[in-house]
Amino acid sequence: MNYLSAENIAKSYGERWLFKNLNFGISQGQRVALVGVNGSGKTTLLNVLAGKIPPDEGSVSVRKEVTIGFLGQNPEFDETMTVQQSIFSGQGEVLDVIRDYEVAIENPNTSSEKMQHIMERMDELQAWDFELKVKQILSKLGIHNLEDKISHLSGGQRKRVAMARVLIEEPTMLILDEPTNHLDLDTIEWLEGLLSTQNTTLLMVTHDRYFLDKVANEIAELDGGQLFTYKGNYSYFIEKKASREEMAAAETEKARNLMRKELDWIRRQPKARGTKAKYRVDAFEELKEKAAKKISGPQLELSVKTTRQGGKIIEVDHISKSFGPKKIVDDFSYVFKKKDRIGIVGPNGAGKSTFLNMLTGKLQPDAGTIDAGQTTVFGYYTQDELTFKEGQRVIDIAKEIAEVVEMANGEVITASQFLQHFQFAPSQQYTMVNKLSGGEKRRLQLLRVLIKNPNFLILDEPTNDLDIITLNILEDFLLNFGGCLLMVSHDRYFMDRLVEHLFVFEGDGKIRNFPGNYTDYREWLKEQEKAEPETKPTIAVAPAPEKKPEQPAGKRKATYQEKKEYEQLEKEIAKLEQRKTEIIELMNAGTTTNHAQLGAWASELETINEQLEEKEFRWLELAEIV
């Protein structure tokens with residue numbers, strides 16, 4: 001069943017056509033991810049399809065019984081409303097009675113008669129299950145205070161409120177623009193499960209490749225004003241896109257060769273042009289359009305020189321930070337080493353950005369010290385919006401920092417050439433900054449950080465609003481970056497490729513230093529969760545749900561670290577047994593009468609026996625669990 005159809009739609013931005021004569025349709029059960037470079041018109045296309053803005057040409061039609069839930073990049077609200085009023089502003093009866101129920105239970109002055117009437121209406125409309133779903137959505141999205149005014153919320157909080165509103169309304173079809181922005185990793189994984197069901201119909205823009213692979217069953221690429229669709233996941237799309245570009249490049253080159261011949265013909269006897277065959281003149285115009293298409297060249301490589309780094313990077317010694325009663329960091333220490341690659345994860349509001357601001361000196365800890373080495377040069381990419389003056393052009397932003405940039409290979413390039421590495425073509429470098437898309441501004445902001453040749457990069461949510469092509473370039477750069485890397489990101493694919501261990505913000509100021517990337521950490525957490533239920537007593541009165549028994553009883557499963565220890569012990573015991581055999585054979589052979597040598601062997605044998613006893617005892621303990 002077709003839900004939405006767009007026929008020959010077009011939209012321009014100033015003098016530039018974002019897309020023209022574009023056709024698109026989406027049917028029940030299709031989950032389509034729209035991809036393309038920043039500035040290609042993805043957000044504009046979503047707005048046109050959702051009916052938020054009209055197309056300049058063509059039409060969009062939606063099936064009569066289909067309702068569309070739309071989540072924009074920057075959701076709009078009535079600033080005078082509360083969170084509760086904004087979320088439950090739908091016109092449905094079920095939503096209305098749930099809203100009345102939520103208001104009633106929050107109000108201590110609600111009369112018993114009114115409460116009874118609302119509960120009867122809840123029964124009548126079978127709204128209890130739906131109310132539980134509403135509570136789950138609000139809880140998962142971290143929305144707890146429903147009486148907060150919208151005007152007091154941050155950008156990230158607004159996005160989560162808008163997401164809750166869309167999901168609670170249960171529309172027939174969802175159109176989502178960057179749904180994972182401002183969500184923590186646990187919430188993204190929950191949203192994945194919610195949207196990847198067969199009965200979900202979805203059109204979304206996302207740069208999160210794990211999310212894209214899990215949720216989407218079709219990819220649509222907006223490239224050069226045209227839409228190309230691929231039935232399959234992201235990996236399939238990449239493969240087919242490369243084939244399409246090769247074919248398109250061959251066709252363009254062929255058209256250019258043919259155009260040279262036609263150009264000679266079209267220029268002959270200009271005065272008699274009116275007598276020339278009209279069909280051939282029209283064909284020439286079509287040929288000229290084909291030949292003018294841009295052929296994708298080799299991908300530019302981003303690689304800047306890093307400032308020389310001394311032996312001392314940053315030493316963090318027993319730092320603590322609180323805001324009122326809330327602990328952000330509690331007695332944390334760490335000595336950064338050369339080429340450290342650390343990811344920071346934790347729920348929203350846990351203090352990740354505060355921690356970064358303390359490292360860079362923007363905030364001071366309440367206790368403890370942070371001592372940066374003299375040669376440490378920070379490059380700090382924040383979540384703040386790009387600041388620029390009225391009338392500034394893209395090239396001006398780059399030149400504010402440096403006129404020339406030294407690359408890793410020693411080559412010196414101009415600011416204009418450096419901009420090209422960030423996908424800003426020469427023709428775009430003189431565009432006014434205020435005319436750039438959100439993603440293009442973020443890309444320009446990242447350029448300002450890297451142009452300073454830092455040796456300690458701190459990236460706070462660098463993937464937000466960046467297109468996948470730019471992300472690939474950035475990943476390749478960071479893989480070869482010679483300095484230290486510390487980053488906060490909700491993009492799991494990005495984290496898995498780049499970090500080697502994590503700082504996990506667990507709440508109440510506790511920070512766990514975990515050896516491994518994000519996927520390793522999630523596997524470890526799963527093992528912990530599996531082991532936890534088996535620690536409860538099997539014969540006894542069950543304790544209250546919120547309490548856990550202090551002493552675990554019964555068999556439990558091994559944790560990730562215990563499995564690793566068990567495997568390591570097996571190897572160590574085997575080596576000790578081998579050495580023990582060698583010593584015994586040497587002593588029994590009677591090839592030496594050197595008392596000192598015999599004494600040394602005897603002493604070593606005694607040490608080995610002690611180590612074996614200790615390690616075998618621990619191995620037996622772990623064997624019971626493993």
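Two strands are said to pair if DSSP finds at least two bridges between them, where strands (E, at least two residues) and helices (H or I, at least four residues) are DSSP runs, numbered from the N terminus. The structure is a predicted model, in which local features need pLDDT of at least 70 and side-chain atom pairs count only at pLDDT 80 or more, while totals for chains, interfaces and linings use all residues. Residues are numbered from 1 along each chain as its sequence is written, and side-chain values use heavy atoms, with hydrogens and water left out.

Five bridges join strand β17 (residues 456–460) to β18, and the two run parallel; here Ile-458 has Leu-486 of β18 as its bridge partner. Strand β12 (residues 341–345) also pairs with β18 in the parallel sense, over four bridges, and Gly-343 stands opposite Met-487. Five of the five residues of β18 (residues 484–488) are buried, so this strand is largely enclosed by the rest of the structure; buried means under 20% relative accessible area, exposed over 50%, and partly exposed in between (1.4 Å probe, protein chains only). Cys-484, Leu-486 and Val-488 point one way from the strand, whereas Leu-485 and Met-487 point the other way. Together with helix α15 (residues 468–479), β17 and β18 make a right-handed β-α-β unit. Right-handed here means that, with the strands pointing away from the viewer, the path from the first strand over the helix to the second runs clockwise.

Attention now turns to another sheet. Six strands form an open sheet of mixed pairing, in the order β5-β6-β7-β3-β8-β9. β5 (68–71) and β9 (226–230) stand at the edges with a single partner strand each, so one side of each is left without a neighbour in the sheet. The twist averages 15° from one strand to the next, with axes being lines fitted to C-alpha atoms (for helices, over the stretch in contact) and angles running from 0 to 180 degrees between N-to-C directions. Strand β8 (residues 218–223) pairs with β9 in the antiparallel sense over five bridges, and Asp-223 stands opposite Gln-226 in β9. Helix α6 (residues 155–169) packs on the sheet, touching β5 and β6 (173–177), and its direction makes about 175° with that of β5; contact means heavy atoms within 4.5 Å.

Finally, a helix pair: helix α3 (residues 93–106) and helix α5 (residues 128–140) pack at an angle of about 65°, with their axes 10 Å apart. Residues of α3 that meet α5 include Leu-95 and Tyr-101, and those on the α5 side include Phe-130 and Val-134.
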